[in-house]
Amino acid sequence: MRTFVWWFNIGALTTLSVLMVQGGVHDLLYGTRSGGTAAYLTFAITILGGGLLAGCLALIMNRLR
């Protein structure tokens with residue numbers, strides 16, 4: 001469980017940093033996303049997905065080892 005939590009956090013932070021580099025600060029502050037969804041909701045789902053991807057990959061790699 002510790003492995004999953006560690007890599008979930010690393011994946012979420014990496015996803016957040018990539019979003020911020022791609023102009024996410026402006027999108028998050030001013031809500032310039034299209035489609036009617038709030039910018040913070042889109043960001044939260046993307047960050048959650050990055051964390052889950054990293055955490056699940058870590059568990060699989062740990063199991064294969």
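Start by selecting Gly23 in helix α1: here the helix bends by about 85 degrees. Keep in mind, as you look around, that this is a predicted model.

Now select the whole of α1, residues 2-30.

Which residues of α1 are buried? Colour Phe4, Gly11, Ala12, Thr15, Leu19, Gly24 and Asp27, and you have them. These buried residues pack against α2, so that's our next stop.Select α2, residues 39-64. This helix has 26 residues and reaches 38 Å from its first C-alpha to its last, close to the 38 Å expected at 1.5 Å a residue. Colour its buried residues too: Ala39, Phe43, Gly50, Gly51, Ala54, Gly55 and Ala58. What covers them includes α1.

Next, show both helices together. Two packed helices are described by the angle between their axes and the distance between the axes. For α1 and α2, the axes come within 7 Å and cross at roughly 150 degrees. The crossing is right-handed. What kinds of residues make up the contact of α1 with α2? They divide into 18 nonpolar, nine polar and one charged.

Time to zoom in on single residues. Pick Thr15, which is found in helix α1. Why does Thr15 count as buried? Buried means under 20% relative accessible area, and Thr15 counts as buried because its relative accessibility is 17%. Show the side chains around Thr15: leaving out residues up to four places away in sequence, Thr15 touches Thr46, Ile47 and Gly50. One of those, Gly50, is also on the list of buried residues in α2.

From Thr15, hop across to Ile47, one of the residues Thr15 touches. Ile47 has its place in α2. Which residues is Ile47 in contact with, once neighbours within four places in sequence are set aside? Select Ala12, Thr15, Leu16 and Leu19. Among them, Ala12, Thr15 and Leu19 are buried residues of α1.

Notes: Residues numbered from 1 in each chain as written. Predicted model: local features only at pLDDT ≥ 70, side-chain atom pairs only at ≥ 80, totals over all residues. Heavy atoms only, no water. Helix = DSSP H or I, 4+ residues; strand = E, 2+ residues; numbered from the N terminus. Contact = heavy atoms within 4.5 Å. Axes fitted to C-alpha atoms, helices over the stretch in contact; angles between N-to-C directions. Left-handed = near helix turned anticlockwise from the far one by under 90°. Nonpolar A, V, L, I, M, F, W, Y, C, P; charged D, E, K, R; others polar. Buried < 20%, exposed > 50% of the residue type's maximum accessible area, 1.4 Å probe, protein only. Expected span 1.5 Å × (residues − 1). Bend = angle between axes of the 7 residues up to and from the residue.
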